[in-house]
Structure formats: structure tokens, C-alpha cells
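Okay, everyone, thanks for coming.

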Amino acid sequence: MRTVQANLRSLQEQTDPKSGDFGHRAAEVNIISHVDNNNVIAEVQGVRCRAIFNPFVGQYFVDDVDGRIEEGGAQ
């Protein structure tokens, strides 16, 4: 497990896209599993979520809205 700065979907939805200010989307998350760039499990404040890694920008994007993994659920 490692800790990284990642873009969270919940924070992105709170940002006004017209302002162009996307600096507040990043948060510290733990990467639990990185099978490949499209199959990543991250932990955000104790909740496991699906994520992807974009190698072109070198950042993780975590879906902490619809990508939550329920306890005991398939990963």
C-alpha cells in the first residue's frame, strides 16, 4: 500500500468547471491494488473505491461516488 495525491470525483463535482480552477480536486489516498491502469483499488478515508491511473498526466482518478466497494464485495 502506498499513499498518493489523487483526483476525487466528489471534489471534481463541487468545482465550477467554468472557473478553470481544478487545483482543489486532489486528496491523499492509499493505493491498495494496482493490477493495471484501468483496474486500481484506492482507499479514501477508510472507504475502498475503484480508480484508474492516467499515465499521460501521471495521476490517479478515484470514483468515490459510484465506485465505492462495499465490504465483502467483489474486487
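This is a predicted model: local features need pLDDT of at least 70, side-chain atom pairs count only at pLDDT 80 or more; totals for chains, interfaces and linings use all residues.

**A walk around the barrel**

So, let's start at Ala6, which is found in strand β1; strands here are DSSP runs of E with at least two residues, numbered from the N terminus. Residues are numbered from 1 along each chain as its sequence is written, and side-chain values use heavy atoms, with hydrogens and water left out.

Back to Ala6. Its relative accessibility is 2%, so Ala6 counts as buried, and buried means under 20% relative accessible area with a 1.4 Å probe, protein chains only. Leaving out residues up to four places away in sequence, Ala6 touches Arg25, Ala26, Ala27, Val29, Tyr60 and Val62; contact means heavy atoms within 4.5 Å. From Ala6 to Val44 is 38 residues in sequence, and 9.8 Å in space, C-alpha to C-alpha.

Now Asn7, also placed in β1, residues 2-8. Is Asn7 buried or exposed? Buried, with a relative accessible area of 8%. And what does its side chain pair with? The side chain of Gln59, through a polar contact of 2.6 Å. By polar contact I mean a pair of N or O atoms within 3.5 Å; within protein, one must be able to donate a hydrogen and the other to accept it, and residues adjacent in sequence count only if both atoms are side-chain atoms.

Zooming out, 5 strands make a closed barrel, running β1-β2-β3-β4-β5 with mixed pairing. Two strands pair if DSSP finds at least two bridges between them. Take β2 (residues 26-36) and β3 (residues 39-44): they run antiparallel, joined by 5 bridges. One example is Ser33, whose bridge partner in β3 is Ile41.

On to the inside. The largest nonpolar core has 14 residues, and Leu8, Val29, Ile31, Ala42, Val44, Tyr60 and Val62 have the most contacts inside it. A nonpolar core is a set of buried Ala, Val, Leu, Ile, Met, Phe, Trp, Tyr and Cys residues joined through side-chain atoms within 4.5 Å. Two or more residues each come from β1, β2, β3, β4 (47-54) and β5 (59-68). As for Val44, it touches Leu8, Val29, Cys49 and Val62, not counting residues up to four places away in sequence.

Last stop: Phe53 and Tyr60 are both buried. Thanks, that's me done.

Note on methods: Helices (H or I, at least four residues) and strands (E, at least two) are DSSP runs, numbered from the N terminus. Buried means under 20% relative accessible area, exposed over 50%, partly exposed in between (1.4 Å probe, protein chains only).
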